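Trainee: I would like to learn how to read a model like this one. Can we go through it feature by feature?

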Amino acid sequence: MRGIVTFDENRCKGCGLCVNVCPVHILELDQTKVNAIGYHPSHAFAPEKCIACASCALMCPDVVITVERVDK
Amino acid sequence: MTTTVFKKTRGLTDVPFTYCPGCTHGIIHRLVAEVLEELELLDTAVGIASVGCSVMSYEFFNCDMIQAAHGRAPAVATGVKRTHPDKTVFTYQGDGDMASIGAAEIVHAAHRSENITVIFVNNAIYGMTGGQMAPTTLPGHVTTTSPFGRDTTLQGEPIRMSEMLSTIPGSYYIERVTVIDPISVRKAKTAIKKAFQAQKDKKGFSMIEVLSTCNVGWGVTPLDALKQIKNDMIPYYPLGVYKDKGANQ
């Protein structure tokens, strides 16, 4: 595991900009969940594949994503 | 052990943005806040909020903020900067605010070479009031006040603010950027940093124009809005540095 991506779920507006930009395609809007402001929040369905590039966080308009790199 | 690659900047408050889902105003807010934090200007910065979608920006930036009358942000910024020359003063304005009602204020602020930084968010529409045609709306673009598309024989060509202001002798640094992908977001941040650095070095008027989306006003999805910037807006509003007086020094 190279990276850890976490979402401040209840601030996500489900716009999908992060989903589109992820180079390893591990993000999706969680259709089984509705957050506090009424949107399907984004989440990582295969978080172990995260490479900590932070592209998702750069594109997130609501600053809900935090990215950490796992040091070897 | 982990190293934090990205976390929310100290330059933003905890108030959630009031923008529509997918609106790139949020990205631009974050970039300005990150630059203020990195240049250690948060304690001395005074931001001037405009009228438009960004009218609430005084809630979001973690520095002193003033809310100006429609289009008058550069005039208010002039007053703040002249009475407090040691403060970092910036305005955050949309295209309806700056290119339309505030055209006079911005032109004269640039002419006087006021030592302020202007963040100009161009989304080619009046977003807050429901998607009316702005001076920057592209030819043929359908809005609520141009239901058959903007007719340039009636309404003229869209106004290019960066090109116009770069012809003014007093302007120091003017660049047009966008935020449609991670690369352009990084470039936009570099440009904003350069503009604030110019102010810190007392060089004079700097402006960064950011091509932004209004997916709700344009009637498209957030992803299609990014494509629309690339396909429609950038050809009319080319990206790049329009003025950099410091380039040859």
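Mentor: Start with one residue pair. In strand 5 of chain B, Phe120(B) is the bridge partner of Gln93(B). Strands here are DSSP runs of E with at least two residues, helices are runs of H or I with at least four, and both are numbered from the N terminus. Two strands pair if DSSP finds at least two bridges between them.

Trainee: What should I know about the model and its numbering?

Mentor: This is a predicted model: local features need pLDDT of at least 70, side-chain atom pairs count only at pLDDT 80 or more, and totals for chains, interfaces and linings use all residues. Residues are numbered from 1 along each chain as its sequence is written, with chains lettered from A and ligands numbered from 1 in the order in which they are written.

Trainee: How many bridges join strand 4 of chain B to strand 5 of chain B?

Mentor: There are 5 bridges, and the two strands run parallel. They belong to an open sheet of 7 strands with mixed pairing, in the order 3-2-4-5-7-6-8 (chain B). Strand 3 (64-67) and strand 8 (240-244) of chain B are the edge strands, each pairing on one side only. From one strand to the next, the twist averages 15 degrees.

Trainee: Which strands of the sheet does helix 8 of chain B touch?

Mentor: Helix 8 of chain B packs on the sheet and touches strand 4, strand 5, strand 6 and strand 7 of chain B. Its direction makes about 165 degrees with that of strand 6 of chain B. Axes are lines fitted to C-alpha atoms, for helices over the stretch in contact, and angles run from 0 to 180 degrees between N-to-C directions.

Trainee: Is strand 6 of chain B mostly covered or uncovered?

Mentor: Mostly covered: in strand 6 (residues 171-178) of chain B, 8 of its 8 residues are buried. Buried means 20 or more other C-beta atoms within 10 Å of a residue's own; exposed means 12 or fewer, partly exposed is in between, and the C-beta atoms are placed from the backbone. Strand 6 of chain B runs parallel to strand 7 (residues 205-211) of chain B, with 7 bridges. Val177(B) has Val210(B) as its bridge partner in strand 7 of chain B.

Trainee: Now helix packing. What do I look at?

Mentor: Two packed helices are described by the angle between their axes and the distance between the axes. For helix 1 (residues 25-38) and helix 8 (residues 182-200) of chain B, the axes come within 9 Å and cross at roughly 45 degrees.

Trainee: Why are helix 1 of chain B and helix 8 of chain B called oblique?

Mentor: Angles under 35 degrees count as roughly parallel, over 145 as roughly antiparallel, 65 to 115 as roughly perpendicular and the rest as oblique. Helix 1 of chain B and helix 8 of chain B are therefore oblique to each other. In helix 1 of chain B, the residues that meet helix 8 of chain B include Leu31(B) and Val35(B), and those they meet include Ala188(B) and Ile192(B). Contact means C-beta atoms, placed from the backbone, within 7 Å. By class, this contact of helix 1 with helix 8 of chain B has 8 nonpolar, no polar and 3 charged residues. Ala, Val, Leu, Ile, Met, Phe, Trp, Tyr, Cys and Pro count as nonpolar, Asp, Glu, Lys and Arg as charged, and the others, Gly among them, as polar.

Trainee: How many residues of chain A are in contact with chain B?

Mentor: 26 residues of chain A are in contact with 24 residues of chain B. Strand 4 of chain A gives the largest share of the chain A side, 6 residues. By class, that side has 15 nonpolar, 5 polar and 6 charged residues. Strand 4 of chain A also runs antiparallel to strand 1 (residues 2-6) of chain B, joined by 4 bridges. Arg69(A) stands opposite Thr3(B) there.

Trainee: Where does Val63(A) lie?

Mentor: Val63(A) lies in the loop between helix 2 and strand 4 of chain A. Val63(A) counts as buried because it has 23 C-beta neighbours inside 10 Å. Among the residues it touches are Leu12(B) and Arg30(B).

Trainee: And how do I read the faces of a strand?

Mentor: In a regular strand the side chains alternate between the two faces of the sheet. Strand 1 (residues 3-7) of chain A has Gly3(A), Val5(A) and Phe7(A) on a covered face, with Ile4(A) and Thr6(A) on an uncovered one.

Definitions and conventions:
Contact = placed C-beta atoms within 7 Å. Lists of a residue's contacts leave out its neighbours within four places in sequence.
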